[in-house]
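Reader: I am new to this structure and would like to go through it step by step. Please show it before we start.

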Amino acid sequence: MEERKEILRVEDLHKSYGTNKVLQGISLNIKQGQTKVIIGPSGTGKSTLLTCVNYLNPPDKGRIWLEGEEIIYSEREINKIRQKKGFVFQQFNLFNHLTALGNVMVGLTEVLKKKKKEAREKAMYELERVGMADCAEQYPAELSGGQQQRVGIARALAMDPLLIMFDEPTSALDPELMGEVLDNMTKLALEGMTLLVVTHEMGFARAVADDIIFMENGRIVEEGPPEKLIMNPEKKRTIEFLQKITQLYGED
Amino acid sequence: MIEYLPGLFRGVIVTIKLGFSFFIFGFVVGNIIAIGQVYGNKFISLFCAGFAWVFRSLPALVILYLWYFGFNLSPFLAAVLALGLRTAAYQSQFFRGAIQSIARGQMTAARSLGMSKLRAVVKIIMPQMLRLSLPYISNEYAITIKDTSLAFAIGVVEILKEGRLIITVLHNPMDIFMIIAVIYLIITRGGTYLLSLLEKHYRIPGFEISN
């Protein structure tokens, strides 16, 4: 197999809130087309890690490379960097005053400076990809959670990002709505999109992830492909966590 | 009495001009103050909060006198600035409240797309802020439009002043004040009606506010 291009590399990332050390030296890398899933107990820094990687929440220490180029933080540079990294939020965060179509278009017109017509076509294409073309003219308040999240995915996709980061994309959804979102994520992974996903959905992790990262207390405890990390974990904490999560969510 | 009506009409025009000028000026400044207070650095934020505090704490008449006697301005300009900054202070606090009621995630999502902070404020935050605060702005208009009558104190010849001039000749205060009262009713109601049309025009699901 050919050596795949490295999309994202993170080295020794640290972040504290006051005396609370949320991230204590996280290093990871992700290659083109890979799907990496981060699991771990609540309050362990998983979401903080994603926001730090995007400088929505600048890290205290650590280095980040995107496509082999180190990110040097500056207010101007960072806007360009963020365009290349899609972000899908737990709470969807669709823009409330824009239609589904408007939500997907706004990054194209305002950030990438595309013409309205071109942006509209691209946005419709992305909405179609997530099965939301029929709801293009509806406002977020008129959509179900699952539909909103699919628009959120389309919004990220429209920017043609190098990778998409998902921050617990199904945690705010009713179980029957999770499927439509997870199906779309699986589709993306199969199409070769690079994904970095924080989730508790072990079914998705097992089926789609190339690697699973188990994080606790701001550190990576263990990382490996699903068959190893789920079936045959090395660390005691990983075993305990997996047992707990199986009890909670059931075997699938 | 008919021959005095043109004078009264001139007064109406001055009142409407003054009212719209200071209210729109206050609206623009109020926006800037609110955004400065929420998104500005420490210094800007403190300055904006201080502005809002000072202009909400002084009687309108005192502000009018300060501008008029302090800066050697024409009565009309002094009135626009004084009343405008006062309503700006009040409006800024409606806007600020509206901004703070918008979920933080809206800003985060805008920034994650690569928008600069300013662009995110203009394209994402402000359209929502204005929709949320329009009913309160309409209320503020109804309250402050009547303050135009205070400009009389620094010599703006608006409707009240014109009315008093007529009364000194005709000695019929009841008639004239009744006419003036009706005119104020029309100006106030007309303005709030226009604002309610604006509200309806920009209404979208998710921003329902029972007024």
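Predicted model: local features only at pLDDT ≥ 70, side-chain atom pairs only at ≥ 80, totals over all residues.

Reader: In which loop of chain A does Phe92(A) lie?

Author: Strand 6 of chain A covers 85-88, and helix 3 covers 100-110. Phe92(A) falls in the loop between strand 6 and helix 3.

Reader: Is Phe92(A) buried or exposed?

Author: A residue counts as buried under 20% relative accessible area. Phe92(A) has a relative accessible area of 10%, so Phe92(A) is buried.

Reader: What is the phi of Phe92(A)?

Author: Phe92(A) is not a glycine, although its phi is positive. The value for Phe92(A) is about 65 degrees.

Reader: Where is Lys113(A), and what is its phi near?

Author: Lys113(A) is placed in the loop between helix 3 and helix 4 (116-129) of chain A. Lys113(A) is a residue other than glycine, and its phi is positive, near 60 degrees.

Reader: Which residues is Thr99(A) in contact with, leaving aside its neighbours within four places in sequence?

Author: Thr99(A) lies in the loop between strand 6 and helix 3 of chain A. With 13% relative accessibility, Thr99(A) counts as buried. Apart from neighbours within four places in sequence, its contacts are Ala136(A), Glu137(A), Gln138(A) and Tyr139(A).

Reader: How many Å apart in space are Thr99(A) and Arg63(A)?

Author: In sequence, Thr99(A) and Arg63(A) are 36 residues apart. From C-alpha to C-alpha, the separation of Thr99(A) and Arg63(A) in space is 38 Å.

Reader: How many helices and strands are there in chain A, and what percentage of its residues count as buried?

Author: Chain A has nine helices and 10 strands. Of the 252 residues of chain A, the part that counts as buried is 56%.

Reader: What radius of gyration does chain A have?

Author: For 252 residues, a compact globule would have a radius of gyration near 18 Å. Chain A agrees with that, because its radius of gyration is 18 Å.

Reader: What does the C-alpha trace of chain A span along its principal axes?

Author: Among contacts in chain A with a separation of 6 or more, 67% are between residues 24 or more positions apart. Along the principal axes, the C-alpha trace of chain A spans about 55 × 45 × 40 Å.

Reader: How many helices and strands does chain B have?

Author: Read along the sequence, the pattern of chain B is α-α-α-α-α-α-α-α. The count for chain B is eight helices and zero strands.

Reader: What box do the C-alpha atoms of chain B fill?

Author: In chain B, buried residues make up 48% of the 211 residues. Taken along the principal axes, the box filled by the C-alpha atoms of chain B is roughly 70 × 40 × 20 Å.

Reader: What part of the accessible surface of chain B belongs to carbon and sulfur atoms?

Author: For chain A, the accessible surface is about 11500 Å², with 47% belonging to carbon and sulfur atoms. For chain B, the accessible surface is about 10800 Å², and the part belonging to carbon and sulfur atoms is 70%.

Reader: How many Å apart are the mean positions of the positive and negative charges of chain B?

Author: In chain A, the mean positions of the 33 positive and 38 negative charges are 6 Å apart. In chain B, there are 18 positive and 8 negative charges, and their mean positions are apart by 17 Å.

Reader: Is Gln91(B) buried or exposed?

Author: Gln91(B) is found in helix 4 (residues 75-101) of chain B. Leaving aside neighbours within four places in sequence, Gln91(B) is in contact with residues including Phe23(B), Ile137(B) and Glu140(B). Its relative accessible area is 0%, so Gln91(B) is buried.

Reader: Which residue has its backbone oxygen 2.5 Å from a polar atom of the side chain of Ser57(B)?

Author: Ser57(B) is found in helix 2 (residues 42-57) of chain B, and at 45% relative accessibility Ser57(B) counts as partly exposed. The backbone oxygen 2.5 Å from a polar atom of the side chain of Ser57(B) belongs to Trp53(B).

Key. Residues numbered from 1 in each chain as written. Chains lettered and ligands numbered in written order. Heavy atoms only, no water. Helix = DSSP H or I, 4+ residues; strand = E, 2+ residues; numbered from the N terminus. Rg over C-alpha atoms; globule rule 2.2 N^0.38 Å. Buried < 20%, exposed > 50% of the residue type's maximum accessible area, 1.4 Å probe, protein only. Contact = heavy atoms within 4.5 Å. Areas by Shrake-Rupley, 256 points an atom, 1.4 Å probe, with all protein chains shown as cover. Lys, Arg positive; Asp, Glu negative; His and termini not counted. Charge placed at Lys NZ, Arg CZ, Asp CG, Glu CD. Polar contact = N/O pair within 3.5 Å; in protein donor to acceptor, adjacent residues only side chain to side chain.
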